[in-house]
Amino acid sequence: MVPDTWYLALSAVLFTIGVCGVVLRRNPLVIFMSIELALNAANLALVAFGQRAGNAEGQALVFFVMAVAAAEVAVGLAIIVAIFRVRERLSVDDLSLMRW
Amino acid sequence: MPRVAFLLIAALAVASALGLVLRRNPIHGALFLVVNLGCIAALYLMLGAEFLAAAQVIVYAGAIMVLFVFAIMVLIPGKEETGPDPRRGWRLLAAPLGAALLVELAVILLAGQAATAPAAAPAPAGGVAAIGRLLFTDYLLPFELTSVLLLAAMVGVLLLARRRA
């Protein structure tokens, strides 16, 4: 058996890489994908904890996270496309105002 | 043996995550993210969460990443693929790799036929039945709320995507 701590360590590493991507990159699409990466790392930790607890609650939680992530991606990409129609350039440095 | 498998999958997951963050081309990043999501699905399988592994492949690696790739292709048009392939030798490796996969699947199928059908094992704590029961009893209200959320997201996306005159 693989110890639970290994899963948690991998989850922490992946989450950190995702956060680094959010901070380092300027393309909003790549930032968005990094957020998905961090979300998945958190899901992995949830499943690992759920299996340790021996019930299905962790998996049910991950199921809800997936549903919310699907909605979030749809809305987020629509916003990025809408901004791109006006701005023609994709960099979050240009988007510091909450209006366009 | 499970530890070796875990380490291999974990290395692949970390490498693909780094690829997503460090590669300049967003399309490469998206493909790296697909690899990463696949690795996480494999880890779900190792943890015994079969339902989530399937949902991960269908929802994330399928639906969400298609949306991402679609948005990248719309927003950042790349160069068209013309002229001689600079990496033709690498791509020819696809044939032996595909053959190896086929042989592997055949071996697994034959081994499964040779073995006697195992007696139905008792469902583990995190089985599909347990999740289904939980979702439709204790988590019924959140479950229904997600359907409202998805509907709201759909309407919102339609509103955002409409071209303003």
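I began with burial: a residue is buried if 20 or more other C-beta atoms, placed from the backbone, lie within 10 Å of its own, exposed if 12 or fewer, and partly exposed in between. On that count, buried residues make up 22% of the 165 residues in chain B.

Before going on I noted that this is a predicted model, in which local features need pLDDT of at least 70, side-chain atom pairs count only at pLDDT 80 or more, and totals for chains, interfaces and linings use all residues. Residues are numbered from 1 along each chain as its sequence is written, while chains are lettered from A and ligands numbered from 1 in the order in which they are written.

**Chain B.** I looked up the helices and strands, which are DSSP runs (H or I, at least four residues, for helices; E, at least two, for strands) numbered from the N terminus. Chain B has seven helices and zero strands, and its pattern along the sequence reads α-α-α-α-α-α-α.

I then checked H2(B) against H3(B), residues 50-75, and found an angle of about 175° with the axes 8 Å apart; axes are lines fitted to C-alpha atoms, for helices over the stretch in contact, and angles run from 0 to 180 degrees between N-to-C directions. The two helices are therefore roughly antiparallel, a term for angles over 145 degrees, whereas those under 35 count as roughly parallel, 65 to 115 as roughly perpendicular and the rest as oblique. Among the residues that make this contact are Leu33(B) and Leu37(B) of H2(B) and Tyr60(B) and Ala61(B) of H3(B).

**Asn36(B).** Where does Asn36(B) lie? I found Asn36(B) in helix H2 of chain B, residues 26-47, and Asn36(B) counts as buried because 29 C-beta neighbours are inside 10 Å. Leaving out residues up to four places away in sequence, Asn36(B) touches Ala13(B), Ser16(B), Ala17(B) and Leu20(B), and also Leu37(A); touching here is contact, with C-beta atoms, placed from the backbone, within 7 Å.

**Between the chains.** I next looked at where chain A meets chain B, and found 51 residues of chain A in contact with 51 residues of chain B. Helices H1 (4-24), H2 (28-53) and H3 (57-87) of chain A each supply at least two residues of the side that touches chain B, and the largest share of that side, 22 residues, comes from H3(A). By class, that side of chain A has 39 nonpolar, nine polar and three charged residues, where Ala, Val, Leu, Ile, Met, Phe, Trp, Tyr, Cys and Pro count as nonpolar, Asp, Glu, Lys and Arg as charged, and the others, Gly among them, as polar.

How do H2(A) and H1(B) pack? I read an angle of about 155° between H2(A) and H1(B), residues 2-22, with their axes 10 Å apart, so the two are roughly antiparallel. In this contact Met33(A), Ser34(A) and Leu37(A) meet Ala17(B), Leu20(B) and Val21(B), and the residues divide into five nonpolar, one polar and no charged.

For H3(A) with H7(B), residues 140-161, I read an angle of about 10° and axes 9 Å apart, and these helices are therefore roughly parallel. Phe64(A) and Val68(A) are among the residues from H3(A), and Leu149(B) and Leu150(B) are among those from H7(B); the contact divides into 17 nonpolar, two polar and no charged residues.

Terms used. Contact = placed C-beta atoms within 7 Å.
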